[in-house]
Amino acid sequence: MANAGKGLEGVVAAETALSDIDGQQGILSYVGYSIHDLADNATFEEIIYLLHHLELPTESQLASIREQLAQEREPNGFVSELLPTLAANAAPMSMLRTAVSASSAKDPDGWDVSEAANYRKAIRLCAVFPTLVAYYHRLRSDEKLIPPDPNLSLAANFLYMLKGDKADDDTARMFDTCLVLHADHTMNASTFAARVCAATLSDIHSAMTAAIAALKGPLHGGANEAVMKMIKEIKTADKARDYIIKKFANKEKVMGFGHRVYKTEDPRATHLRRMAKELAEKTGDPHNWEISQEIEKTVMDEKGIYPNVDFYAASVYGYLQIPTDLFTPIFACSRVAGWSAHVREQYADNRLIRPDHGYVGPAPRDWTPLSDRG
Ligand code: COA
């Protein structure tokens with residue numbers, strides 16, 4: 001009985017119109033649109049609009065949200081002053097958690113919690129996350145900051161601010177697709193954390209901070225970094241099988257595999273696998289791809305467990321030459337679209353989230369004075 005509902009498996013914690021999963025069939029949709037159609041056709045800006053308005057934008061609506069997002073890319077002065085200190089002292093996810101929390105101090109909408117102000121704050125947060133990550137990385141690398149280019153898409157602009165060179169269209173499109181694939185995923189741990197926080201009627205920045213904190217863990221968003229570390233440890237494809245078998249023998253989990261909801265292929269992994277393969281061919285460097293293939297085959301042969309979103313995302317980001325410790329912050333740069341939409345959805349029909357518990361402690365007992373305790 002103590003384990004009933006452990007991990008809240010199967011518990012419906014909130015109703016949402018934002019995304020849906022059929023874990024048996026491997027189906028994911030955002031507001032009714034198949035993730036496959038969205039991955040093949042949508043831009044991340046369209047996804048932000050879709051999640052916040054529950055409809056795809058018209059041309060003029062898309063132009064308008066693109067402009068709003070492009071205008072809100074610079075962090076406020078308070079956060080800009082804080083960033084060098086964070087770059088010198090904090091790991092990337094800790095930086096993001098702190099910088100997003102600090103962003104609330106000088107948000108132009110202040111403590112206005114109206115629906116309109118919360119929407120503006122949400123767009124601002126979606127716009128500024130990539131800048132925080134890129135500025136942080138350049139500061140810690142002693143490189144000149146690259147101001148955002150309003151003519152570039154959110155995805156292309158991030159790569160530009162991070163690396164200082166404009167990505168070619170194919171690369172920018174691929175990264176854009178990664179953002180599309182990570183934008184929302186029903187009641188995952190970080191989204192749930194955001195909704196729990198919002199349900200106390202705390203502010204949207206606090207809810208985003210809670211979400212980042214939850215995403216950071218290796219059982220959630222932190223898995224993509226752990227995958228790349230594993231690939232690097234394995235070194236060559238011929239060593240992958242033994243490495244994985246040893247992990248299983250030690251009862252360790254293989255990061256990037258398994259999922260609470262999917263009992264078949266995670267549909268996001270299908271796209272990320274394809275992109276990893278394309279990039280292996282394009283870059284002429286099959287290394288990560290071959291090791292990943294061998295890991296996937298071994299995990300399937302030994303345990304019948306499928307890769308999740310994080311497994312091939314690691315190879316894709318590796319091929320895009322993104323530093324490994326930025327993988328999880330990049331996940332956040334996408335998921336902020338879903339988190340902020342979920343928080344607005346929570347505010348719109350709120351009830352405090354307060355689950356019940358199963359008590360497993362001692363039965364009622366008498367107070368023992370300090371002098372009588374052995
Ligand atoms: N490697 C090895 N075994 C795994 C596994 C993995 N990645 N994922 C699940 N399993 C096994 C468990 O050991 C367990 O086996 P058992 O029943 O023999 O004890 C069974 O599958 C169920 O796993 P459990 O951890 O209870 O499932 P969960 O729903 O609580 O956890 C995850 C889901 C995602 C946390 C889990 O699959 C995991 O830890 N994966 C690795 C981390 C990861 O990639 N996270 C990103 C998720 S998108």
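Reader: How much area do domain 1 and domain 2 bury between them?
Author: About 1,700 Å². Of that, 65% is on carbon and sulfur atoms. Keep in mind that this is a predicted model.

Reader: Where do the two domains run?
Author: Domain 1 covers 32-217 plus 326-348. Domain 2 is 223-319.

Reader: And how many residues does the contact take from each?
Author: Domain 1 puts in 21 residues and domain 2 puts in 22.

Reader: What separates their centres?
Author: 26 Å, taken over C-alpha atoms.

Reader: How many salt bridges are counted between domain 1 and domain 2?
Author: The count there is 1.

Reader: OK, salt bridges in general. What does the count come to?
Author: 20 salt bridges. One of them joins Arg 124 and Asp 109. Their closest N and O atoms are 3.0 Å apart.

Reader: Why does the pair of Arg 124 and Asp 109 tie parts together?
Author: Arg 124 sits in helix H6, residues 115-140, while Asp 109 is in the loop between helix H5 (92-103) and H6, so the pair links parts 15 residues apart in sequence.

Reader: What about Lys 282? Which side chain does it meet?
Author: Lys 282 meets Asp 168 in a salt bridge, at 3.5 Å from N to O.

Reader: Which helices and strands supply at least two residues?
Author: Strand S1 (19-22), plus helices H9 (189-199), H14 (287-303), H15 (309-319) and H16 (327-348).

Reader: Which gives the most to the lining?
Author: S1, with 3 residues.

Reader: Last one. How do the lining residues divide into nonpolar, polar and charged?
Author: The largest pocket is lined by 21 nonpolar, 12 polar and 12 charged residues.

Key:
Residues numbered from 1 in each chain as written. Predicted model: local features only at pLDDT ≥ 70, side-chain atom pairs only at ≥ 80, totals over all residues. Heavy atoms only, no water. Helix = DSSP H or I, 4+ residues; strand = E, 2+ residues; numbered from the N terminus. Nonpolar A, V, L, I, M, F, W, Y, C, P; charged D, E, K, R; others polar. Domains from an automatic or database assignment. Contact = heavy atoms within 4.5 Å. Buried area = accessible area lost by both parts, 1.4 Å probe. Salt bridge = Lys/Arg side-chain N within 4 Å of Asp/Glu carboxyl O.
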